[in-house]
Amino acid sequence: TLPKEPAPVPPARASAPEERTPATSPKPAAPRAISSIVVYATQEGATVRVVGAVPLVYKTLHLKNPDRAVVDLDGPWTAKAPGVPANKVVNTVRIGKKGTRIVIDLKGTPEAVNFIKKDARTLDVRVR
């Protein structure tokens, strides 16, 4: 009898190359939009309403010499300055560079400046 031949060994499989995810640099945060900035004139003064398309994260300041109310938004935002109707307290509303600051220029020293959070996306700045 003839000796048995050994069973054939299957050819070695080449291992699959490792999948690599290309390194990406972090992208800057996309600007968030201010849906609207509206100035309402009242007999007592004015209200500047700021509404974001997403929740607003901000800090507020009342600066003097010259008097102005400031809203510093967290991160980049896009916004357009509104027109200002005739009133006795608000002169202009300006948007700072990169949309991160809203400046409400006042006509003089106000009786009061109140920052009122209406909801997560709405802030009223009331000046009298």
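What you're looking at is a predicted model, so local features need pLDDT of at least 70 and side-chain atom pairs count only at pLDDT 80 or more, while totals for chains, interfaces and linings use all residues. Residues are numbered from 1 along each chain as its sequence is written, and side-chain values use heavy atoms, with hydrogens and water left out.

**The four-stranded sheet**

- Strands (labelled E) are DSSP runs of at least two residues, numbered from the N terminus.
- Four of them make an open sheet in the order E3-E4-E7-E6, with antiparallel pairing.
- Its edges are strand E3 (58-63) and strand E6 (90-95), each of which pairs on one side only.
- On average, neighbouring strands here are turned by 15° against each other, direction ignored; the axes behind that angle are lines fitted to C-alpha atoms, and angles run from 0 to 180 degrees between N-to-C directions.
- Two strands count as paired if DSSP finds at least two bridges between them, and E6 pairs with strand E7 (residues 101-106) over five bridges, in the antiparallel sense.
- Within that pairing, look for Val90 opposite Leu106 in E7.

**E2 and its partners**

- Strand E1 (residues 32-41) and E2 run antiparallel and are joined by seven bridges.
- E1 and E2 make a hairpin, with four residues between them.
- On its other listed pairing, E2 is joined to strand E9 (residues 122-127) by six bridges, again antiparallel.
- Ala46 is a handy landmark: Ala41 stands opposite Ala46 in E2, and Ala46 also stands opposite Val127 in E9.
- Strand E2 (residues 46-52) is mostly covered, with six of its seven residues buried. Buried means under 20% relative accessible area, exposed means over 50%, and partly exposed is in between (1.4 Å probe, protein chains only).

**Arg68, a buried arginine**

- You'll find Arg68 in strand E4 (residues 68-73).
- Arg68 is buried yet has no salt bridge, and the nearest side chain of opposite charge, Asp105, is 5.3 Å away. For charge, Lys and Arg count as positive and Asp and Glu as negative; His and the chain ends are not counted.
- A polar atom of the Arg68 side chain does lie 2.4 Å from the backbone oxygen of Pro66.
- Leaving aside neighbours within four places in sequence, Arg68 is in contact (heavy atoms within 4.5 Å) with several residues, including Leu61, Arg94, Val103 and Asp105.

**Salt bridges**

- A salt bridge is a side-chain nitrogen of Lys or Arg within 4 Å of a carboxyl oxygen of Asp or Glu, and the whole structure has six of them.
- Asp67 and Lys64 meet in one at 3.9 Å, N to O. Asp67 is buried at 11% relative accessibility, whereas Lys64 is exposed at 53%.
- Arg128 and Glu111 form another, with their closest N and O atoms 2.9 Å apart. Arg128 lies in the segment after E9 and Glu111 in the loop between E7 and strand E8 (113-119), so this pair ties together parts that are 17 residues apart in sequence.
- In that pair, Arg128 is partly exposed at 41% relative accessible area, and Glu111 is exposed at 68%.
- Arg126 pairs with Asp124, the closest N and O atoms being 3.6 Å apart. Arg126 is partly exposed at 34%, while Asp124 is buried at 0%.
- Arg49, Asp124 and Arg126 are linked in a network of salt bridges.

How values were computed. A polar contact is a pair of N or O atoms within 3.5 Å; within protein, one must be able to donate a hydrogen and the other to accept it, and residues adjacent in sequence count only if both atoms are side-chain atoms.
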